[in-house]
Amino acid sequence: MLAQETLRLVATPSEAAAIGTLMVEPEATVSDPPLPSPEAGGFLLLLALLSPKEPKEPKGK
């Protein structure tokens, strides 16, 4: 069985309107897709080449 509860609004109408405008963000009419940045690929490759190697097991033990 579903129970529905109605809540009473405690804010004034001007406060309710302000809350409503804060909650609703208008969508941009024109937006560009994300642009690829080729310099990021080179940076990631450089990080991979400069990263430390895995430690090896000691042979004496």
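Me: How much accessible surface does the protein have, and what share belongs to carbon and sulfur atoms?

Reply: Accessible areas come from the Shrake-Rupley method with a 1.4 Å probe, and for residues only the protein chains shown count as cover. Here the accessible surface of the protein is about 7000 Å², with 64% belonging to carbon and sulfur atoms. This is a predicted model, in which local features need pLDDT of at least 70 and side-chain atom pairs count only at pLDDT 80 or more, while totals for chains, interfaces and linings use all residues. Residues are numbered from 1 along each chain as its sequence is written, and side-chain values use heavy atoms, with hydrogens and water left out.

Me: How many helices and strands does the protein have?

Reply: Helices (H or I, at least four residues) and strands (E, at least two) are DSSP runs, numbered from the N terminus. The protein has two helices and zero strands. Its radius of gyration is 29 Å, well over the 10 Å that the globule rule gives for 61 residues, so the protein is more spread out than a compact globule. That radius is taken over C-alpha atoms, and the globule rule is 2.2 Å times the number of residues to the power 0.38. Along the principal axes, the C-alpha atoms fill a box of roughly 75 × 40 × 25 Å.

Me: What percentage of the residues is buried?

Reply: Buried means under 20% relative accessible area, exposed over 50%, and partly exposed in between (1.4 Å probe, protein chains only). Buried residues make up 0% of the 61 residues in this protein.

Me: Is Gln4 buried or exposed?

Reply: Gln4, in the segment before helix H1 (13-23), counts as exposed because its relative accessibility is 76%. Its C-alpha atom is separated by 30 Å from that of Pro26, 22 residues apart along the chain.

Me: Which residues make the nonpolar surface patch?

Reply: Like charges are joined within 9 Å, and nonpolar side chains (Val, Leu, Ile, Met, Phe, Trp, Tyr) within 5 Å. In this model, Phe43, Leu44, Leu45, Leu46, Leu47, Leu49 and Leu50 make a nonpolar patch of about 780 Å². Phe43 lies in helix H2 and counts as exposed because its relative accessibility is 51%.

Me: Where does Pro52 lie?

Reply: Pro52 is in the segment after helix H2 (38-50). The C-alpha atoms of Pro52 and Val30, 22 residues apart along the chain, are separated by 45 Å.

Conventions. Patches are made of residues with over 30% relative accessible area and no salt bridge: like charges are joined within 9 Å, nonpolar side chains (Val, Leu, Ile, Met, Phe, Trp, Tyr) within 5 Å. A salt bridge is a side-chain nitrogen of Lys or Arg within 4 Å of a carboxyl oxygen of Asp or Glu.
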